[in-house]
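Please keep the sequence and the 3D view open while reading.

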Amino acid sequence: MKHISRDRPHFALPDFFAYCCIAAAVRPMRRAKHFAVALIISEWGEVDTYYRAAHAVLKPGNDRYDVGTTTQPVIFKDDRATTSHGVVVEQLEHDRMIILFQTEASIPSDIRSAFDAVVRIGMPTIEHVKGVMRWRHRIEVSDMEAEVLLHTEWSSLGLLMRQGRPIRRVMKALMKPRAVLSPSSKPAEASPEMGLETMAGFGAAKVWGLDLAADIRDWKDGRIKWNDVDRGMLLSGPPGTGKTIFANALGRTCGVPVIHASAAKWQARGHLGDFLKAMIASFDEAKKRAPSILFIDEIDSFGDRMNSRDDNQAYEIKAINGLLECLDGAQARDGVVVVAACNNPDLIDPAILRSGRLDKHVRIELPDAEARAAILRMHLGSDLMGEDLTEFAVETEGQTGADIARLTRDARRLARRQQRPMSRDDMRAALPLSVPIPIENLHSNAIHEIGHAVVGLELGLELSRVTISPTARITSTVQSLGGARFTAEPWARRTRQRYLDMIALFMAGIAAEEIFLGEYDDGATAGEGSDLHRATRIAIDMERAHGMGELLASFGDVGDRRLDEIKHLDGRLMMRVDGVLREQLARSKEIIERHRAASLRLHRELLERMDLQGEEVLALMRSARTQHGLMVEFG
């Protein structure tokens, strides 16, 4: 907010809220001398407010709202598209430009390419509101007060916050129980008091939690001893997958209190003695309130004593030793279950994970389509009852439970602002903006995925389906633009040949791109989790963990933290790994070349339909081979 005056004339509180949203949208281009941005305004009824805010972004030094300046925003009005189009073209000649559109479809195709970015502007967040109140009025408001400000009609809010009126008097008036919202638009979110029984997306962690609840009931009734109850568990997974929510739901299901702690809280005062005292105090509180759950967040920040080489080594060693003593020291902790959470389990000292401590490790993955539909239903509550949520489950691929919760909040807010029940259109409007993928990229994506499908079938795997996506979301969330999905074989022997087949499968997309496009791009090779990265890790595991390479010796599980150590022990490792990767790439190419005609035909089918079932792919491959007199059986 440093670019705008607190006392800007004709600016009311809603204008500052809108300014926060637009300033955040154009921040990446703020220092650029030239830019043109198209803003999709979800709250079109408040477009005049967003216009004033956009004007302030373009002209932060103006002391008055001046529509006569040369550079100013433009509201593109669908009902006067011809006139608006001319104004937009004229304004695009200026150095900086912001154009406001009601929908993405409103942007004329002939000027779309003139924009450096197309950004959907949603409602301000609670943090925006709290920040504006702190900056402009120098007061702190609670989340509840911020929520009330957000839900108050902006026209009413502008009148309430008139110049000279004490802000606390305004807040007191707003917080009085009154019909700010229509009854039909009252929140219908899932109850915060839910237990694990009704929650989705936790997989094996939920199964463990329900078993723990049964064991605690049996222990309370004297049917089992505490030694028969799991003493602790480690939860790991990407940020936003609901590890803290899981701990709270687990406490409700088990009927026990949850004591929240973390290394950061224990370390708040900095000194080792204070750190250890705070940690012991958390364990003591859990014992006093037993049966209870002690939830330790971000336990990976403790580190690993063996890999600590900096100036804090002595501190870290003593901190970990203190935690180990609390986990299984001389003083028993009957009735206390320790649940720890982290993003990077490879960073944890192995001693913390030994039997009797946090010996159960469950990873919470990003929810699949079925789990996303269930999470949506949970957060929607009574809204959209009886509606099929498949569309939104598909559109939220790659999103976490927290992302989905935010989506439903945004959709519900859209409905509240218009004083009506939530609709499917509100959900669609709250989804991240999607853009069509250019045909040349669809072409390469289809070639890549068909390569995986053809090689996988030749290797005897059961193909479920192969897909590509015609659109991509404008979001930082990881998303899949296609995939060849195979049915897992839980009892398959993991021999050396099995691992080589897995490497060949991961290299198949690259092989197909090289054969049909002449070269591959970085979509399959860049970053952790890419095809090439996963193939490389399998080859390293073969060489250094499974005794299936040049050497028979094993160094045990090869986590990311041990790669540097392994490279020092075996300088020739990557040369051998590179040889394995190149051999399997050549193997995949040979398979695809044998099925060239089928691959090209499958590529055309996938481009046209975007989704092929495994049986269809297999039938087409058999048909192509029969036509050449070379009938073979796959799978």
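## Terms and basis

Two strands are said to pair if DSSP finds at least two bridges between them. Helices (H or I, at least four residues) and strands (E, at least two) are DSSP runs, numbered from the N terminus.

This is a predicted model, in which local features need pLDDT of at least 70 and side-chain atom pairs count only at pLDDT 80 or more, while totals for chains, interfaces and linings use all residues. Residues are numbered from 1 along each chain as its sequence is written, and side-chain values use heavy atoms, with hydrogens and water left out.

## Confidence

pLDDT is the predictor's confidence in each residue, from 0 to 100. The chain has an average pLDDT of 80, and 80% of the residues score at least 70.

## Overall make-up

The chain contains 24 helices and 14 strands. Of its 635 residues, 47% count as buried; buried means under 20% relative accessible area, exposed over 50%, and partly exposed in between (1.4 Å probe, protein chains only).

Of the contacts with a separation of 6 or more, 72% are between residues 24 or more positions apart.

## The parallel four-stranded sheet

Four strands form an open sheet in the order β2-β3-β1-β4, with parallel pairing. Its edge strands, β2 (74-75) and β4 (117-121), each pair on one side only. β2 pairs with strand β3 (residues 96-101) over two bridges, and in β3 the bridge partner of I75 is L100.

Helix α1 (residues 13-26) packs on this sheet and touches β1 (35-41), β3 and β4, its direction making about 155 degrees with that of β4. Helix α2 (residues 47-58) also packs there, touching β1, β2, β3 and β4, at about 170 degrees to β3. For these angles, axes are lines fitted to C-alpha atoms, for helices over the stretch in contact, and angles run from 0 to 180 degrees between N-to-C directions.

In strand β5 (residues 232-236), five of five residues are buried. G232, L234 and S236 point one way from the strand, and M233 and L235 point the other way.

β5 runs parallel to strand β8 (residues 336-342), joined by five bridges, and parallel to strand β9 (residues 360-363), joined by four. L234 has A340 as its bridge partner in β8 and stands opposite H361 in β9.

## The antiparallel three-stranded sheet

A second open sheet has the order β13-β11-β14, with antiparallel pairing. Its edge strands are β13 (482-487) and β14 (611-613). Neighbouring strands here are turned by 10 degrees against each other on average, direction ignored. Strand β11 (residues 462-468) pairs with β13 over six bridges, and E462 stands opposite T487 in β13.

Helix α18 (residues 439-458) lies across β11 and β13, running at about 180 degrees to β11. Helix α23 (residues 596-609) lies across β11 and β14, at about 125 degrees to β14.

## Nonpolar cores

A nonpolar core is a set of buried Ala, Val, Leu, Ile, Met, Phe, Trp, Tyr and Cys residues joined through side-chain atoms within 4.5 Å. The largest has 51 residues, and V466, I503, L602 and V617 have the most contacts inside it. Elements that each supply at least two residues include α18, β11, α20 (531-544) and α22 (573-594). The largest share, twelve residues, comes from α19.

Beyond its neighbours within four places in sequence, V466 contacts residues including I450, A453, A484, L606 and V617. A second, separate core of 42 residues includes A53, M123, W135 and A146.

Technical notes
Contact means heavy atoms within 4.5 Å.
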